[in-house]
Every structure is written in C-alpha cells, then in structure tokens.
Amino acid sequence: MDSAPDDLLAASTAQNARRNAELAKTEGPILSEAHAAGRLNAVAGIYEIATGRVTML
C-alpha cells in the first residue's frame, strides 16, 4: 500500500478484493477470453457476514 491507513485490516481487505477482481479478468483461458469478448466483467466488493451487506468498491 502506498500509505499507512488508519484501519489496516479494512484497507487490506479492500485491496485484496480489487486485486482478485482484476485477476479474474485475466487468469485462465476461459475467463480471459470472456473478458476480451466483453462477456465478463469482474468487480470488487466486500461482503459483511454480520449484516449481509455488500459494499461495491
């Protein structure tokens, strides 16, 4: 991370979600082909177990 966030766990969780959304677009032949053809778009979100709320990043 570029800076020292106030909540390291929240910042790390968000960064992990963003990274995995990007990897989903390029990893493996099926997903990368679907993304290149415009049939797939991966977005990052964080699911809160206690509330069931999903926060899109």
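In the predicted model, helix 1 is followed by G28, whose phi is positive, near 80°. Local features rest on pLDDT of at least 70 and side-chain atom pairs on pLDDT 80 or more, while totals for chains, interfaces and linings use all residues. Residues are numbered from 1 along each chain as its sequence is written, and side-chain values use heavy atoms, with hydrogens and water left out.

Helix 1 comprises 19 residues, 8-26; helices are DSSP runs of H or I with at least four residues, strands are runs of E with at least two, and both are numbered from the N terminus. From first to last C-alpha helix 1 reaches 27 Å, close to the expected 27 Å, the expectation being 1.5 Å times one less than the number of residues. At the N-terminal end, D7 caps helix 1, with a side-chain oxygen 3.3 Å from the backbone nitrogen of L9.

Residues A11, A14, A17, A21 and K25 of helix 1 are buried (buried, under 20% relative accessible area; exposed, over 50%; partly exposed, in between; 1.4 Å probe, protein chains only). Viewed down the helix axis, these buried residues fall within an arc of 130° and so line one face; the arc is taken over the directions from the helix axis to the C-beta atoms. The face turned away from the buried side carries the exposed residues L8, L9 and R19. The cover over the buried residues of helix 1 includes helix 2 (29-36) and strand 1 (45-48).

Within helix 2 lies A34, which is buried at a relative accessible area of 12%. Leaving aside residues up to four places away in sequence, A34 touches R39 and L40 (contact, heavy atoms within 4.5 Å).

Terms used:
A polar contact is a pair of N or O atoms within 3.5 Å; within protein, one must be able to donate a hydrogen and the other to accept it, and residues adjacent in sequence count only if both atoms are side-chain atoms.
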